[in-house]
Amino acid sequence: MQVSSLRDAPWWFGLGFSLCLLVGALLRFSYNEVTVNATAIQADAASYVRYADNLRQHGVFSKDRGPNPQPDAYWAPGYPMFLAGLATVADATDLERYRLVLAVQVILGVLSIYFTGLIALKMMDPGWALLPPALLALSPHVVAVGQNLLTETLFGFLLLASLYQLILWLQNPRPLGHWWRGCC
């Protein structure tokens, strides 16, 4: 028996799904609190941070160091723009940039669990639909990846949010009624 929405799901699914979200959030927040990442900004993360800093300071998408960086296109702009936006918020609110990015990535990780559950509920019986969000909530690799400044957390969230919006549109295709869903 597939369910059309979370409201139509049995009470025990809502309870199990809430437990998945709670456990996923606790694992991610606690992992970020107890893990000391001595080399958080290295390799790819260093490039993303450099791009974000150049965007903020010079208005140029570049990996160059120096006073006049030259534009380049070695990396995709999404994650550096995400970091630049969070750096702007952190500077305006006197928050530590790295901790703000980690907190937002934890929220994106929990929202990924949420969208995974909603997608599973659209495609499976409620009993089986608890398995995908539970696996995502408990996966050690997925929990740990939120500690790093890498694209995976943002990309995974945007992919799941877009997939869910696509499923909703396929169930009720109204060309103008769901124009905002293309924003994901």
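Contact here means heavy atoms within 4.5 Å, and the views below are all taken from a predicted model.

**View 1. F82 and the largest nonpolar core.** Leaving aside residues up to four places away in sequence, F82 touches V104, Q105, L108 and L154. The largest nonpolar core has 27 residues, and F82 is listed with Y79, L83, F115 and L149 as having the most contacts inside it. At least two residues of this core are supplied by each of helix 2, helix 3, helix 4 and helix 8 (152–171), and the largest share, nine residues, comes from helix 4. In soluble globular proteins, nonpolar side chains tend to be buried together.

**View 2. Helix 4 packed against helix 6.** Helix 4 (residues 97–123) and helix 6 (residues 131–138) pack with their axes 8 Å apart and at an angle of about 160 degrees; because angles over 145 degrees count as roughly antiparallel, the two helices are described as roughly antiparallel to each other. Their crossing is right-handed. On the side of helix 4 the contact is made by S112, I113, T116, G117 and A120, and on the side of helix 6 by P132, P133, L136 and A137. Sorted by class, the residues of this contact are six nonpolar and three polar, with no charged residues.

**View 3. Helix 1 packed against helix 6.** The axes of helix 1 (residues 11–34) and helix 6 come within 8 Å and cross at roughly 10 degrees, and the two helices are therefore roughly parallel to each other. Helix 1 contributes F17, C20, V23, G24, L27 and R28, which meet P133, A134, L136, A137 and L138 of helix 6. The residues of this contact divide into nine nonpolar, one polar and one charged.

View 4. S47 is found in helix 2, which spans residues 43–58. Its relative accessible area is 8%, and since buried means under 20%, S47 counts as buried. Not counting residues up to four places away in sequence, S47 touches K63 and W75.

**View 5. D94 in the loop between helix 3 and helix 4.** D94 lies in the loop that runs between helix 3 (78–93) and helix 4. The phi angle of D94 is near 60 degrees, a positive value in a residue other than glycine. With a relative accessibility of 73%, D94 counts as exposed.

Conventions. Residues numbered from 1 in each chain as written. Predicted model: local features only at pLDDT ≥ 70, side-chain atom pairs only at ≥ 80, totals over all residues. Heavy atoms only, no water. Axes fitted to C-alpha atoms, helices over the stretch in contact; angles between N-to-C directions. Helix = DSSP H or I, 4+ residues; strand = E, 2+ residues; numbered from the N terminus. Parallel < 35°, antiparallel > 145°, perpendicular 65-115°, else oblique. Left-handed = near helix turned anticlockwise from the far one by under 90°. Nonpolar A, V, L, I, M, F, W, Y, C, P; charged D, E, K, R; others polar. Buried < 20%, exposed > 50% of the residue type's maximum accessible area, 1.4 Å probe, protein only. Core = buried A, V, L, I, M, F, W, Y, C linked by side-chain atoms within 4.5 Å.
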